[in-house]
Amino acid sequence: MFAHTVREASRLGLGVDLTTGTGWPFGGSNVTASIAAKQWKVSDGKLTTSLTNQQVKRAAPGGAGLVVDYFDKTAMRTYLNRFDSTLARLPQKPRAVYNDSYEVYGANWSENFASEFRKRRGYDLNSQLSAFLDTTGTEVGILVKQDYHQTLSELLHDGFTATWTGWARSKGYKTRNQAHGSPGNLLDLYALTDIPETESFGSSRFPIPGLRVDDHYDVERFGTPHPLAMKFASSAANLMGKPLVSSETTTWLANHFHVSLSQIKPQVDELFTGGSIIFSTTVRLIHRPPKRIRAGCFMRPPTTGHPLISGRIFRC
């Protein structure tokens with residue numbers, strides 16, 4: 001099936017990218033406690049390691065399991081081993097491997113964090129535990145917390161992004177990565193990626209007469225797109241001379257079945273101005289399921305609107 005998809009996409013001039021996992025974040029049934037996502041806790045006056053126990057979101061059948069540790073290169077290499085044999089058997093190869101938005105909840109530690117902190121910052125974090133736990137904003141507390149977050153950022157860069165990208169390139173794949181939402185330097189993370197990808201979540205309130213928006217969309221909870229956030233991916237691409245910048249587009253313009261075609265075009269235009277030139281999208285158009293479908297079932301929307309909107313986009 002995958003080989004047919006790649007061949008057909010090639011015939012149509014399209015690219016096919018493959019997520020290095022099932023659902024997101026990366027993880028699954030092959031992730032044991034030793035390589036799973038970690039968080040810190042204080043035990044007997046010292047910082048120690050515990051599991052977040054986060055499970056992969058929306059995993060495919062058989063793919064449920066713990067999320068992998070994104071801050072540990074050994075854990076990431078162990079996780080990627082399963083794909084070496086799987087992808088090697090495919091008669092057709094994907095253009096790139098893909099990482100969706102960083103949604104690793106509660107992960108703020110790793111099995112080797114203490115030793116990496118000492119090596120990178122030059123002192124033992126446990127020796128400054130009171131400053132690390134300080135909530136009053138003392139100068140020492142602020143500096144220790146800065147060192148902690150700098151170390152976490154570097155470990156994400158080295159443990160996940162550099163390790164994953166290096167593995168992909170050694171196999172002949174490009175990488176397409178959404179770095180936003182992560183506790184790292186977004187420009188550095190996007191700079192490592194072959195195809196940096198941003199995301200447009202929600203719909204901008206453009207002053208266009210007659211533009212329909214979903215009045216029930218919770219802006220305070222979900223937010224609206226910001227042009228500056230869109231430019232992190234394209235800025236890194238421009239700096240590093242990368243020809244492609246991607247965007248996950250129109251994924252959540254409004255609540256399901258409340259999106260009009262008129263919302264899509266101006267949102268895409270804003271992404272164009274933000275530097276994106278490739279759009280990976282699932283367009284959710286207005287669709288009324290048949291009465292025999294029980295309430296709550298998600299129906300694939302009709303495809304009749306796709307040529308209309310894609311034609312307008314390509315005529316820009």
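These legends describe close-up views of a predicted model.

**View 1. Helix 8 packs against helix 9.**
Helix 8 covers residues 227-240, and helix 9 covers residues 261-273. Their axes lie 9 Å apart and form an angle of about 50°. That angle makes helix 8 oblique to helix 9. The crossing of the two helices is right-handed.

**View 2. Residues of helix 8 meet residues of helix 9.**
Helix 8 contributes Pro 227, Met 230 and Lys 231. Helix 9 contributes Gln 267, Glu 270, Leu 271 and Thr 273. Three residues of this contact are nonpolar, two are polar and two are charged.

**View 3. Glu 154 and Arg 120 form a salt bridge.**
The side chains of Glu 154 and Arg 120 meet with N and O 3.0 Å apart. Glu 154 sits in helix 5 (residues 139-170), while Arg 120 sits in helix 3 (residues 113-121), so the pair ties together parts 34 residues apart in sequence. Is Glu 154 buried or exposed? Glu 154 counts as buried, because its relative accessibility is 19% and the cut-off for buried is under 20%. Arg 120 is partly exposed, with a relative accessible area of 26%.

**View 4. Arg 120 also forms a salt bridge with Asp 158.**
Here the N to O distance is 3.0 Å. The pair links distant parts of the chain. Arg 120 belongs to helix 3 and Asp 158 to helix 5, 38 residues apart. Asp 158 has 23% relative accessibility and counts as partly exposed.

**View 5. Lys 265 pairs with Asp 269 in a salt bridge.**
The closest N and O atoms of Lys 265 and Asp 269 are 3.0 Å apart. How far apart are Lys 265 and Asp 269 in helix 9? They are four residues apart, and therefore separated by about one helical turn. Lys 265 counts as buried, at 13% relative accessibility. Asp 269 is partly exposed, with a relative accessible area of 27%.

Arg 120 meets Glu 154 in a salt bridge, and Arg 120 meets Asp 158 in another. How many salt bridges does a search of the whole structure find? The search finds 14.

Terms used:
Residues are numbered from 1 along each chain as its sequence is written. This is a predicted model: local features need pLDDT of at least 70, side-chain atom pairs count only at pLDDT 80 or more; totals for chains, interfaces and linings use all residues. Side-chain values use heavy atoms; hydrogens and water are left out. Axes are lines fitted to C-alpha atoms, for helices over the stretch in contact, and angles run from 0 to 180 degrees between N-to-C directions. Angles under 35 degrees count as roughly parallel, over 145 as roughly antiparallel, 65 to 115 as roughly perpendicular and the rest as oblique. A crossing is left-handed if the near helix is turned anticlockwise from the far one by less than a right angle, and right-handed if clockwise. Contact means heavy atoms within 4.5 Å. Ala, Val, Leu, Ile, Met, Phe, Trp, Tyr, Cys and Pro count as nonpolar, Asp, Glu, Lys and Arg as charged, and the others, Gly among them, as polar. A salt bridge is a side-chain nitrogen of Lys or Arg within 4 Å of a carboxyl oxygen of Asp or Glu. Buried means under 20% relative accessible area, exposed over 50%, partly exposed in between (1.4 Å probe, protein chains only).
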